[in-house]
Amino acid sequence: MAGWLAGRWSSFVLFALLGALVGTGQAPLGFVWLAVAALALAFALFALVPQSKAAAWRGWAMGVGYVAATMFWIVEPFFVDPWRHGWMAPFALAAHAGGFALFWGLAFGAAAVLGRGRWHRALWGAVLLAATEMLRAHLWTGFPWALLGHIWIGQPQMHLAALGGPHALTLFTTLAVALPTVFGLRRAALGVITAIALLALPVPYGLWRLGQELEVRAPATVRLVQPNAPQHLKWQPEMRETFFNRGLALSAEGPEGPQPDLVVWPETSVAYFLAPGNGTAEVLADAARGAMVVVGIQRLEGDDARNSLAVVTPGADVTDIYNKSHLVPFGEYMPGASWLGRWAPKGLAEAALSGFVPGNGLRLIDLGEGLGEVLPLICYEAIFAEEIIAAPRPDWVLHITNDAWFGTLSGPYQHLAQARLRAVEQGVPVLRSANTGVSAVIDAQGRVLDSLALGETGFIDVALPPRLAAAPPYRIWGDWGVMGLLILLGVVLAAIRPRAVQVDRKGATD
């Protein structure tokens with residue numbers, strides 16, 4: 001092991017493999033305890049490396065392994081049109097993994113500078129890794145995908161997010177896995193037991209939340225439509241009518257008698273622009289047979305292209321439109337395109353040369369008695385917990401998405417997992433209509449009540465679940481609670497002055 005730690009490239013392989021093992025805790029695998037064990041081992045090995053450059057290198061290597069293992073789906077959009085974009089896929093994965101891994105390298109490099117002794121470095125590593133994961137979630141429009149704390153989604157521990165959001169889960173995880181190193185080799189067994197006890201501590205709270213009081217609401221039925229249109233086919237002229245008719249048939253399907261109160265189509269599920277007089281709203285209203293329709297559709301406002309959600313009444317009136325406000329960089333728009341003008345490259349999902357134009361932020365839509373006030377989220381917007389809690393608390397969240405861009409291995413499942421965490425943080429149900437799946441009904445405690453599998457064509461009719469009577473604390477203090485705790489821990493660690501240690505000329509011991 002000492003040889004692997006000392007060698008530059010051998011240490012890269014070792015820590016990249018550990019990072020990949022940590023990634024197995026994310027959906028769809030969910031190997032939580034393997035991920036925890038790998039992260040704890042990584043912390044123990046990091047603590048043996050006092051030099052900042054060496055620690056940063058190993059942290060970066062581990063981040064590369066983690067990001068590559070959890071976000072390899074990033075190449076999938078480039079293969080929707082492989083002849084045009086396929087050549088970019090390996091560069092995109094390399095830039096993605098190498099770029100986000102810099103946050104891990106920063107965390108462990110700084111921990112080596114600030115830490116004095118192995119246990120001190122391990123605790124600094126725990127605090128700084130949680131801090132840089134939070135930084136990754138916010139910097140440059142943010143990308144809080146596959147955060148370390150997401151490994152707990154589906155476990156009772158995920159209910160810590162009701163107190164402090166996703167970053168509370170990350171800090172909880174990093175502090176726990178650092179404990180065996182803090183206790184040292186002689187007391188390793190005690191350190192492991194303490195870490196396991198800490199990781200199990202939130203379980204009673206999670207179980208208690210499952211029994212919290214729910215609001216009484218008027219009965220309402222929602223139909224979630226999953227047309228299952230592959231991304232490489234849905235925009236082809238000869239296939240547009242096929243997929244549109246499929247959605248219409250799913251909207252109208254069912255016996256005569258009571259129909260759903262609301263029919264929901266996923267993001268950009270209609271391969272036509274919504275415009276007055278073109279008949280799109282009328283056809284949607286007829287298919288819904290008296291139900292209101294919410295549809296994901298593209299629009300033009302003058303020269304501005306919008307990725308929108310439209311509300312269509314049974315009388316074919318469009319009563320409300322929400323424009324997606326947090327767009328995907330390099331997908332729905334190209335950063336800096338206004339500077340480059342006509343020479344700017346186009347994003348993968350653009351509908352106009354200039355890309356999509358963002359809306360004015362998240363807001364509620366009132367769907368009337370029974371359905372109540374809903375917070376609409378379009379695709380990517382569902383991963384930004386801090387933006388969602390900044391909006392007024394809704395009766396429920398409606399998430400429309402087109403996860404066909406993400407392939408079939410991990411991306412769609414990770415997106416679904418994050419929607420579950422949003423339900424926990426808000427204390428409200430999340431209903432999710434996805435083009436190719438996974439469409440799902442998630443209750444206010446984050447449990448999946450019903451779903452349509454990836455690649456399945458169909459619909460779900462569901463009685464709208466109630467929200468929790470009391471808003472979770474995370475809605476009150478947001479990320480400030482975790483930020484304050486990180487600052488407090490940093491101050492305490494800075495004030496601790498472990499005895500000076502001797503380092504040999506090779507820097508291998510301390």
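Student: Which residues form one aromatic cluster here?
Tutor: W73, F100, F143, W145, Y380, F384 and F406 form it. Rings of Phe, Tyr and Trp (its six-membered ring) pair if their centres lie within 6.5 Å; planes under 30 degrees apart are called stacked, over 60 edge-to-face, and the rest tilted. Keep in mind that this is a predicted model, where local features need pLDDT of at least 70, side-chain atom pairs count only at pLDDT 80 or more, and totals for chains, interfaces and linings use all residues. Residues are numbered from 1 along each chain as its sequence is written, and side-chain values use heavy atoms, with hydrogens and water left out.

Student: Which charged end sits over the ring of F100?
Tutor: That of R136, 5.7 Å from the ring centre. The cut-off is NZ of Lys or CZ of Arg within 6 Å of the ring centre and within 35 degrees of the ring normal. Likewise, R223 has its charged end over the ring of F459, 3.9 Å from the centre.

Student: How many aromatic pairs does a search of the whole structure find?
Tutor: It turns up 19. One of them is W33 with W152, which is edge-to-face, at 5.8 Å centre to centre and 80° between the planes. W33 lies in helix α3 (residues 32-46) and W152 in the loop between α7 (118-138) and α8 (161-183), so this pair ties together parts 119 residues apart in sequence. Helices (H or I, at least four residues) and strands (E, at least two) are DSSP runs, numbered from the N terminus.

Student: Is W152 buried or exposed?
Tutor: W152 is buried, at 1% relative accessibility, while W33 is partly exposed at 47%. Buried means under 20% relative accessible area, exposed over 50%, and partly exposed in between (1.4 Å probe, protein chains only). Then there's W87 with F91, also edge-to-face, at 6.4 Å centre to centre and 65° between the planes. W87 is exposed at 56%, and F91 counts as exposed at 57%.

Student: Switching to the core. Which residues have the most contacts inside the largest nonpolar one?
Tutor: V222, L262, L309, L367 and W396, in a core of 100 residues. Helix α6 (residues 89-114) gives the largest share, 10 residues. A nonpolar core here is a set of buried Ala, Val, Leu, Ile, Met, Phe, Trp, Tyr and Cys residues joined through side-chain atoms within 4.5 Å. Another core, of 20 residues, lies apart from it, and includes L248, L250, V270 and A287.

Student: And what does L367 touch?
Tutor: Leaving out residues up to four places away in sequence, L367 touches L262, M292, V311, G372, V374 and W396. Contact means heavy atoms within 4.5 Å.

Student: How do β10 and β11 pair?
Tutor: β10 (residues 430-434) and β11 are antiparallel over three bridges, and L431 has V441 in β11 as its bridge partner. The two strands make a hairpin with four residues between them, and G437 in the turn has a positive phi of about 105°. There's also a cis peptide bond from G437 to V438, with omega about 5°.

Student: How many bridges join β11 to β12?
Tutor: Four, with β12 (residues 448-452) running antiparallel to β11. A440 has S451 in β12 as its bridge partner, and V441 stands opposite D450.

Student: Which way do the residues of β11 point?
Tutor: S439 and V441 point one way, A440 and I442 the other, and all are buried.

Student: Where's the other cis bond I spotted, the one at P28?
Tutor: It joins A27 and P28, with omega about 10°, and P28 lies in the loop between α2 and α3.

Student: What's the phi of N228?
Tutor: Positive, about 60°, although N228 is not a glycine. Most residues other than glycine have a negative phi. N228 sits in the loop between β1 (221-226) and α11 (231-234) and is buried at 15%.

How values were computed. Two strands pair if DSSP finds at least two bridges between them.
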